[in-house]
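Work through the exercises below with the structure in view. Each task is followed by a solution in steps.

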Amino acid sequence: MGIKKLIAILAVLSFSFSAVAQDDMGGEKKPFSIYGDFATSLQFYDNETNGAANHDDFGVNLIEINLEKNWSKSKLHLSIGYGTTAQRVNGPNATSLTTLNVMNGYYKMMSDYGLNFWIGKFESPIGHETYNQMDNSQFTRSYGFGLAPFFSTGLGVEYGADMWKVGLIASNGSGRDTDTADENKTLGLVVDLDPMENFHIDVNYLTGREDLDGAVDATGVATNGTALISLIDISASYMINEMLDVAVNYIDRTADFNNNDLKANSIAGYVNANFGMFGLGLRYEQFSFDSSALYPYSRPNANFGTVVIPGTATENSISSITLTGKAEIDQNAAVVLEYRMDSADENATFTDSDGNGTDTNNVLTAGLMYRF
């Protein structure tokens with residue numbers, strides 16, 4: 001199916017159901033709604049190569065369509081994604097050309113007592129950033145984003161009140177389309193706190209195992225096996241006023257693979273300024289890892305299509321500064337201009353235009369996002 005034809009079909013569907021989605025339900029949940037997101041970008045790298053990554057290119061990052069059926073105490077949610085984002089976070093393997101995937105497919109039940117249950121495939125609550133460009137301060141993602149699972153397939157339960165919420169997730173690993181015989185099994189503890197107005201804290205812990213075919217935290221060794229993982233993720237955000245908000249995220253992951261402890265951690269700070277139709281976002285991240293072959297949680301072996309880590313360095317660290325400018329076309333559409341500067345303490349971390357190792361990599365991104 002051609003990309004133009006797919007866009008046309010999604011547009012027709014969104015307009016066809018717009019009357020249902022926009023009905024005034026008197027504060028009640030809409031019985032059925034359909035909505036979606038579109039994100040595309042043109043990126044320029046100062047270290048352009050002829051390989052599969054780090055080259056100037058235009059791409060469709062994400063076309064996602066969501067269908068949601070609501071009842072009084074439950075809902076059924078399904079979303080289909082197409083594009084490079086859907087391919088990288090959800091493909092059956094690291095080199096898959098499949099780009100049309102189920103992103104979310106779950107059933108959730110809510111009670112009057114603050115106790116909720118859900119089952120299926122759902123976006124992981126672990127990690128500060130999300131797979132959807134519309135929901136992040138920056139268009140590109142942090143290195144820390146790659147340390148956590150993007151999705152989980154399994155079941156969850158949560159209980160909470162106005163100022164706090166506690167949840168438990170049991171899943172078959174990262175939620176990718178893996179071999180049915182894999183040994184992926186993870187447990188996650190999720191804690192959300194709202195100690196004061198405009199201040200939010202997330203504390204998440206994940207433990208379990210991942211196999212080599214299911215997004216393993218591996219060293220590139222060809223031998224199949226499993227990695228025992230543990231991950232802690234802490235985020236805090238504060239809205240100072242309507243024009244300014246700040247956030248910080250720390251994520252640390254350890255994996256035991258073939259009796260080798262692989263460790264990586266990220267600490268990132270965010271500052272966002274809102275000037276009505278215009279906005280500015282700044283992210284600074286310090287990322288450390290002890291193996292150049294360290295795989296992000298859900299693969300591929302790259303920072304989500306932004307920066308490749310090919311070298312042979314160990315105990316490396318990367319400093320990343322990302323400046324993002326956003327202009328709203330209307331309430332549903334925005335254009336983005338972003339400049340990202342990555343600097344590593346090892347010369348072989350990135351690859352320059354001649355294929356040689358270098359310690360810097362800069363990326364300029366022009367993006368368009370639309371929510372329908």
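**Exercise 1.** Is D37 buried or exposed?

Solution. The model is a predicted one. The relative accessible area of D37 is 5%. Buried means under 20%, so D37 is buried.

**Exercise 2.** Which residues does A366 contact, leaving aside its neighbours within four places in sequence?

Solution. Begin with the location: A366 is in strand 18 (residues 360-371). Its contacts are T40, S41, L42, V336 and L337. Take S41 from this list: S41 and A366 are 325 residues apart in sequence, yet their C-alpha atoms are 5.5 Å apart in space. Finally, A366 has 34% relative accessibility and so counts as partly exposed.

**Exercise 3.** The whole structure has 7 salt bridges. Describe the one between E129 and R283.

Solution. First, the distance from N to O is 3.1 Å. Next, E129 lies in the loop between strand 5 (115-123) and strand 6, while R283 lies in strand 13, 154 residues away. Last, check burial: E129 has a relative accessible area of 9% and is buried; R283 is also buried, at 1%.

**Exercise 4.** How do strand 14 and its partners, strand 13 and strand 15, run relative to each other?

Solution. Strand 14 (residues 316-330) is joined to strand 13 by 12 bridges, and the two run antiparallel. In this pairing F278 stands opposite A327. Strand 14 also pairs with strand 15 (residues 333-344) in the antiparallel sense, over 12 bridges. Here E328 stands opposite A334. Strand 14 and strand 15 form a hairpin, with 2 residues between them.

**Exercise 5.** How many residues does the largest nonpolar core have, and which elements give two or more residues to it?

Solution. The largest nonpolar core has 16 residues, and L231, F287 and I318 have the most contacts inside it. Strand 10 (226-241), strand 11 (244-257) and strand 13 (278-289) each give two or more residues. The largest share, 3 residues, is from strand 10. Another core, of 7 residues, lies apart from this one and includes A86, M103, F145 and F150.

Technical notes: Residues numbered from 1 in each chain as written. Predicted model: local features only at pLDDT ≥ 70, side-chain atom pairs only at ≥ 80, totals over all residues. Heavy atoms only, no water. Core = buried A, V, L, I, M, F, W, Y, C linked by side-chain atoms within 4.5 Å. Buried < 20%, exposed > 50% of the residue type's maximum accessible area, 1.4 Å probe, protein only. Helix = DSSP H or I, 4+ residues; strand = E, 2+ residues; numbered from the N terminus. Contact = heavy atoms within 4.5 Å. Pairing = 2+ DSSP bridges. Salt bridge = Lys/Arg side-chain N within 4 Å of Asp/Glu carboxyl O.
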